Amino acid sequence: MSDVKRKRNVLNAKQKLEILQKLDNGESASTDAEDVLNERNTISHSAVLQSVETLLDYMGQRGFDYGDITAVRKRYVDIRQEMNKQQKQRRIADFLKQQMLKGKFLV
């Protein structure tokens, strides 16, 4: 494993809550996240899930309203479903590419 350390840009709890609330209201929060983070960096689904887990822990410790915690958990499930959907699409695309390279599919 390499000893190179990556610089990580992380949203604080307040920023995460604001973005999650915007998403919950059907608004786009991508520009807000881009304003906070460097435009060239992208956040992986697993990093987002880890951040949401941290946020849920924080909310539990601070005694946030049950409804707010439930809303964040719903976002967590939505993110996980999207991640699984994209992984499945990548696996299918990879499979089809392999089959095409083997000559099993004619386009």
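Histidine 45 sits in helix H3, where helices are DSSP runs of H or I with at least four residues, numbered from the N terminus. The structure is a predicted model, so local features need pLDDT of at least 70 and side-chain atom pairs count only at pLDDT 80 or more, while totals for chains, interfaces and linings use all residues. Residues are numbered from 1 along each chain as its sequence is written, and side-chain values use heavy atoms, with hydrogens and water left out.

Setting aside neighbours within four places in sequence, histidine 45 is in contact (heavy atoms within 4.5 Å) with Ile79, Glu82, Met83 and Gln86. Glutamate 82 is 37 residues away from histidine 45 in sequence, yet the two are 8.5 Å apart in space, C-alpha to C-alpha.

Leucine 49 also touches Ile79 and Met83, along with Tyr76 and Arg80, again not counting residues up to four places away in sequence. Leucine 49 belongs to the largest nonpolar core, which has twelve residues, among them Leu17, Leu20, Val52, Ile69, Tyr76, Ile79 and Met83. Such a core is a set of buried Ala, Val, Leu, Ile, Met, Phe, Trp, Tyr and Cys residues joined through side-chain atoms within 4.5 Å. In soluble globular proteins, nonpolar side chains tend to be buried together.

Now for the helix packing. H1 and H3 pack at an angle of about 105 degrees, with their axes 10 Å apart; axes are lines fitted to C-alpha atoms, for helices over the stretch in contact, and angles run from 0 to 180 degrees between N-to-C directions. That makes H1 roughly perpendicular to H3, a label for angles of 65 to 115 degrees (under 35 is roughly parallel, over 145 roughly antiparallel, the rest oblique). Ala13, Lys16, Leu17 and Leu20 of H1 meet Ser51, Leu55, Tyr58 and Met59 of H3 in this contact.

Arginine 75 belongs to helix H4 (residues 66-101) and is buried, with a relative accessible area of 15%. Beyond residues up to four places away in sequence, arginine 75 touches Leu20, Leu23 and Asp24.

Terms used. Helices (H or I, at least four residues) and strands (E, at least two) are DSSP runs, numbered from the N terminus. Buried means under 20% relative accessible area, exposed over 50%, partly exposed in between (1.4 Å probe, protein chains only).
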